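Please look over the sequence and the three-dimensional structure shown below before reading on. The report that follows walks through a few parts of it, one topic at a time.

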Amino acid sequence: GLLQDFGDQDVTELNATIIGAGIIGMSTAAFLQREGYRVTVIDRVPPGEGCSFGNAGGIAFAEITPTIHPRVLLKIPGWLMDPLGPLTIRWSYLPKALPWFLAAGRNAMPDRVKGITEARANLALRCVSDFETLLREKGAADLIRYQDSLRLYDSEQQYLAEASEHATKKSYGFEMKRISGNEARELEPALGPSVHCAAFHGGWYFVTSPERVVKTIAEDVVRNGGRIIADDVVSLEQSGGKVTHVRLKASGLQAVDKLVICAGAYSHLLARQIGEKFLLEAERGYHMVLPNSGVSLSRSITYARTPGAATPMEMGLRLAGTDEFAGLDAEPNYARADALWKIFKMVLPGMREPDAATTRWMGRRPGTPDSLPVIGPSKKASNVWYGFGHGHMGLTWGPTTGRLITEIITGTKSNIDLSPFRADRF
């Protein structure tokens, strides 16, 4: 920081407060710190223990097609009929979620999908190097596994149904190399005879502990003089077109200079206080971790039958996925985690039944109707920036988002077009 000596008082010119200690908030803090900012991160839970804790661990930079696209639209009615299917809406919540779903439908039109895919591909450009920037030098290279994820198919028909996605990925340089069922079983002996064929994703590494990734970055931020405050944000106090203070539940008023909101599925509630409206839904995902799974994988696998992944992690085999729309506060339905076990059992026949050591979890992914995050300045408050709405891609795009927000704040020219992520697009 730029220090001026006023007697005993050091006045630092570069101060940033970040709300949210997940992968996006901590990455933002780390990159701002590199640019000489003194950073304060506020979250009610410790770093990496919110939504970042429980994802499937994928650095899935090849996932450039939006979550909701024309082929998915056709599947949604069938999924909704199955209460434990990959996508469910608690019907009492539907009226509230309807504007989001209508907007998602509009964004599934072919011309919109093309633009969204382009923007997602741009976000993917430096994902891996941004991770390495934040982790490599901290001796945490053991956290990233560079084996490409395998996608499994039950039948030729299932494989051919994804031809358009394969072609799109290929046009951006992500080659989904196909292998036979037998070749897949040679690579991963745990796979069962029902696997007809498989394909490499063309760019989907994984981490062995998403929580440890965030905590590693957080430890570094603190070591370099950053502060992490465990508290609840009650309100944002404004004056003269700026947010001047953050009111915290336990610690009261905290003055802010620059404010970055990376509060995941809660971000729109803070933005609303500034007068900005976002279509943001908690896409509730579930996981099950089997410390005694009985199977061994060297990479993450996905299965065309259902959205989700099975990833070998340091705490056991993690099965993660599903999408539930029920708002922020509804009670979890852990039968959705158990449903993932039943599905992955089809391709991992040796997988043991859940036992006393098995854990289940639910987290709230912040989803936008166009499958793109909000990255950029507030249009209402001159000292506020946003980084949220990453849906299923928070871990993948987290470090890159931190770098991009830092570039925006410091006035550095970005290497990509940031207009698709602007705050006023909804």
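This is a predicted model: local features need pLDDT of at least 70, side-chain atom pairs count only at pLDDT 80 or more; totals for chains, interfaces and linings use all residues.

## Nonpolar cores

The largest nonpolar core has 50 residues, and among these M26 and I217 touch the most other members. At least two residues of this core are supplied by each of β3 (15-19), α1 (23-34), β4 (38-43), α4 (110-124), α5 (127-135), α9 (210-223) and α12 (394-410). The largest share, seven residues, comes from α1.

If neighbours within four places in sequence are left aside, M26 is in contact with G20, A21, V41, P47, V214, I217, A218, V221 and I228. There is also a second, separate core of 27 residues, which includes Y286, L340, F344 and L348.

In general, the strands of a sheet pair through backbone hydrogen bonds, and the pairing can be either parallel or antiparallel.

Between β7 and strand β11 (residues 205-207), the antiparallel pairing runs over two bridges. I144, for instance, has V207 in β11 as its bridge partner.

## Aromatic rings and charges

A search of the whole structure finds 14 aromatic pairs. In one of them, the rings of Y146 and Y205 have centres 5.2 Å apart and planes at 65 degrees, so this pair is edge-to-face, as an angle over 60 degrees is counted that way. The pair links distant parts of the chain, since Y146 lies in the loop between β7 and β8 (150-153) while Y205 lies in strand β11, 59 residues apart. Y146 is partly exposed, with a relative accessible area of 36%, and one aromatic cluster is formed by F61, Y146, F174 and Y205.

Y386 and F388 form another edge-to-face pair, with 5.5 Å from centre to centre and 80 degrees between the planes. Y386 counts as buried at 0% relative accessibility, and F388 is buried as well, with a relative accessible area of 1%. Charged side chains also meet rings in this model: the charged end of R34 sits over the ring of F31, 5.8 Å from its centre, and R178 lies over the face of Y159, at 4.5 Å from the ring centre.

## Positive phi angles

T322 is not a glycine, and yet it has a positive phi of about 65 degrees. This residue lies in strand β20 (residues 316-325), and T322 counts as buried because its relative accessibility is 6%, where the cut-off for buried is under 20%.

S371, which is not a glycine either, has a positive phi of about 60 degrees. S371 is found in the loop between β21 (359-367) and β22 (374-377), and with a relative accessible area of 11% it is buried.

## A buried histidine

Is H268 buried or exposed? H268, found in helix α10 (residues 267-274), is buried, with a relative accessible area of 12%. Leaving aside neighbours within four places in sequence, H268 is in contact with F278, L280 and L328. H268 and H201 are 67 residues apart in sequence, and from C-alpha to C-alpha they are 33 Å apart in space.

Conventions: Residues are numbered from 1 along each chain as its sequence is written. Side-chain values use heavy atoms; hydrogens and water are left out. Two strands pair if DSSP finds at least two bridges between them. Helices (H or I, at least four residues) and strands (E, at least two) are DSSP runs, numbered from the N terminus. Buried means under 20% relative accessible area, exposed over 50%, partly exposed in between (1.4 Å probe, protein chains only). Contact means heavy atoms within 4.5 Å. A nonpolar core is a set of buried Ala, Val, Leu, Ile, Met, Phe, Trp, Tyr and Cys residues joined through side-chain atoms within 4.5 Å. Rings of Phe, Tyr and Trp (its six-membered ring) pair if their centres lie within 6.5 Å; planes under 30 degrees apart count as stacked, over 60 as edge-to-face and the rest as tilted. A charge sits over a ring if NZ of Lys or CZ of Arg is within 6 Å of the ring centre and within 35 degrees of the ring normal.
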